[in-house]
Amino acid sequence: MNETTLEENDSIWYPPGGILIWLIVFVEVITFCMGIGSLVYDKTQNPDGFQSMQKLLHREFAFWNTIFLLTSGFLLAIGVYAKENKKDKQFLYCMLGAILFGIAFLFLKSLEFYDKWTLGYTLDTSVFFSYYWLLTGFHYLHVAVGIIILSIVLLNRKTITFVNLEAGGIFWHMCDLIWLILYPALYLIR
């Protein structure tokens with residue numbers, strides 16, 4: 001890492017990862033919150049219908065997916081700390097673990113998608129399943145992009161700037177945050 005780059009960006013006015021990633025996070029979180037807010041509103045209009053559809057979801061899968069994403073985010077945070085302290089082997093293992101837990105999330109979510117699809121619960125089955133497919137599908141794409149970003153970080157681990165590492169980490173933690181809002185809204189709150 002270049003010392004002058006670190007000093008230039010080490011200001012209270014310069015956010016970790018750069019301003020662009022925070023604009024992306026802001027737009028994405030607002031977009032998801034609007035979708036989830038709409039889901040919650042529509043749920044109040046037809047609570048029995050939503051509850052009957054909600055019972056068809058795999059709460060166990062969602063629980064394990066939450067564990068996978070939070071573990072991945074934890075490993076990433078440890079990895080960023082390791083990189084900052086020049087512990088290259090720890091950084092490598094943490095990044096590999098973060099990516100593998102992200103892939104585990106996608107795999108388990110794919111099984112859930114396959115199950116819903118083969119049982120005939122598609123986008124046009126009900127209003128609830130429209131929300132389910134749109135919100136979880138959009139989140140799934142974000143996690144897939146996040147894994148690509150983390151893989152690029154891992155492949156460039158020798159030369160990556162700390163700002164780019166932080167930006168990748170911030171994007172990944174945004175995926176965690178969105179899932180932590182989606183999980184109760186879709187699977188838990190009756």
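Helices (H or I, at least four residues) and strands (E, at least two) here are DSSP runs, numbered from the N terminus. On that basis the chain has 7 helices and 0 strands, and reading along the sequence gives α-α-α-α-α-α-α. The C-alpha atoms fill a box of roughly 60 × 30 × 20 Å along the principal axes.

Keep in mind that this is a predicted model: local features need pLDDT of at least 70, side-chain atom pairs count only at pLDDT 80 or more, and totals for chains, interfaces and linings use all residues. Residues are numbered from 1 along each chain as its sequence is written, and side-chain values use heavy atoms, with hydrogens and water left out.

**Confidence**

pLDDT is the predictor's confidence in each residue, from 0 to 100. The chain averages 88, with 91% of its residues at 70 or more.

**Helix packing**

Two helix pairs are set out below. Axes are lines fitted to C-alpha atoms, for helices over the stretch in contact, and angles run from 0 to 180 degrees between N-to-C directions.

| Pair | Angle | Axis distance |
|---|---|---|
| α2 (residues 19–45) and α6 (residues 127–155) | about 165 degrees | 10 Å apart |
| α4 (residues 59–84) and α7 (residues 162–188) | roughly 160 degrees | within 10 Å |

Angles under 35 degrees count as roughly parallel, over 145 as roughly antiparallel, 65 to 115 as roughly perpendicular and the rest as oblique. So α4 is roughly antiparallel to α7, and α2 and α6 are therefore roughly antiparallel to each other.

On the α2 side, the contact with α6 uses Glu28, Thr31, Phe32, Gly35, Ile36, Ser38, Leu39 and Asp42; α6 brings Val127, Phe128, Tyr131, Leu135, Phe138, His139 and His142. By class that is 8 nonpolar, 5 polar and 2 charged residues. For the classes, Ala, Val, Leu, Ile, Met, Phe, Trp, Tyr, Cys and Pro count as nonpolar, Asp, Glu, Lys and Arg as charged, and the others, Gly among them, as polar. The contact of α4 with α7 has 15 nonpolar, 6 polar and 4 charged residues.

**Salt bridges**

The structure holds 2 salt bridges (a side-chain nitrogen of Lys or Arg within 4 Å of a carboxyl oxygen of Asp or Glu). One of them joins lysine 109 and glutamate 112, at 2.8 Å from N to O. Both residues lie in helix α5, 3 residues apart, about one turn of the helix.

How values were computed
Contact means heavy atoms within 4.5 Å.
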